[in-house]
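Subject: A structure for you to look at

Hi,

Here is the structure I promised to send over.

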Amino acid sequence: MDNLTSISDAERLRQVLDELPGVTTKDIALDTREVAINYYEGWIRFARKIVKTLEDNGFKAHILTDTIIFETEGMVEVEAHDVRAYLLGVFGVCNSDVGVDTSTIKVVFYRGWTTKEKLIKTIEERGNTKVKQDLWY
């Protein structure tokens with residue numbers, strides 16, 4: 001958190017986070033400006049909601065993201081649309097892009113907020129395809 005400099009900032013941050021359903025503040029370290037939270041996916045549907053709430057309340061969060069590209073056996077346009085939409089619904093996913101012509105799916109997600117296995121399961125179930133390979137960036 002860029003602008004976490006005082007005890008009053010930490011208390012306000014704790015209050016903002018704890019008001020989100022399914023989120024509790026675990027630890028706030030002023031010296032490193034790091035915040036650890038616990039969250040229950042069943043109560044808070046999208047990780048982006050946590051980040052947006054922080055930003056809407058004046059906090060500047062730096063959350064590391066990872067990018068992974070999956071090569072698939074291919075999909076038709078309708079399946080690709082479904083896969084993209086369902087991937088965006090996976091907790092922790094920030095962005096997804098499906099290349100029908102290249103048979104690839106690019107997923108950007110908050111580090112540690114989802115798993116590769118969960119992404120593959122979503123792709124295979126919703127895209128009627130198999131993931132052949134994944135490439136991390």
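Predicted model: local features only at pLDDT ≥ 70, side-chain atom pairs only at ≥ 80, totals over all residues.

Residues are numbered from 1 along each chain as its sequence is written, and side-chain values use heavy atoms, with hydrogens and water left out.

**The whole protein**

There are four helices and six strands, where helices (H or I, at least four residues) and strands (E, at least two) are DSSP runs numbered from the N terminus. Their order from the N terminus is α-β-β-α-β-α-β-β-α-β. The C-alpha trace spans about 55 × 30 × 20 Å along its principal axes. Of the 137 residues, 40% are buried, meaning under 20% relative accessible area with a 1.4 Å probe, protein chains only. Taking contacts (heavy atoms within 4.5 Å) between residues at least 6 apart in sequence, 61% join residues at least 24 apart.

On charges, I count 18 positive and 23 negative side chains, and the centres of the two sets lie 2 Å apart. Lys and Arg count as positive, Asp and Glu as negative, without His and the chain ends; each charge is placed at NZ of Lys, CZ of Arg, CG of Asp or CD of Glu.

**Helix α2**

Helix α2 covers residues 47–56, and its buried residues are A47, I50, V51, T53 and L54. They sit on the same side of α2, because they cover an arc of only 160 degrees around the axis, taken from the directions from the helix axis to the C-beta atoms. As a reminder, an α-helix has 3.6 residues a turn, so residues three or four places apart point the same way. The buried residues of α2 pack against α1 (7–18), β1 (23–29), β2 (34–39) and β5 (104–110). After α2 comes G58, with a positive phi near 85 degrees.

**Strand β3**

Strand β3 (residues 65–72) is largely enclosed by the rest of the structure, because six of its eight residues are buried. It runs antiparallel to β5, joined by seven bridges; strands pair if DSSP finds at least two bridges between them.

Best wishes

Definitions and conventions: Buried < 20%, exposed > 50% of the residue type's maximum accessible area, 1.4 Å probe, protein only.
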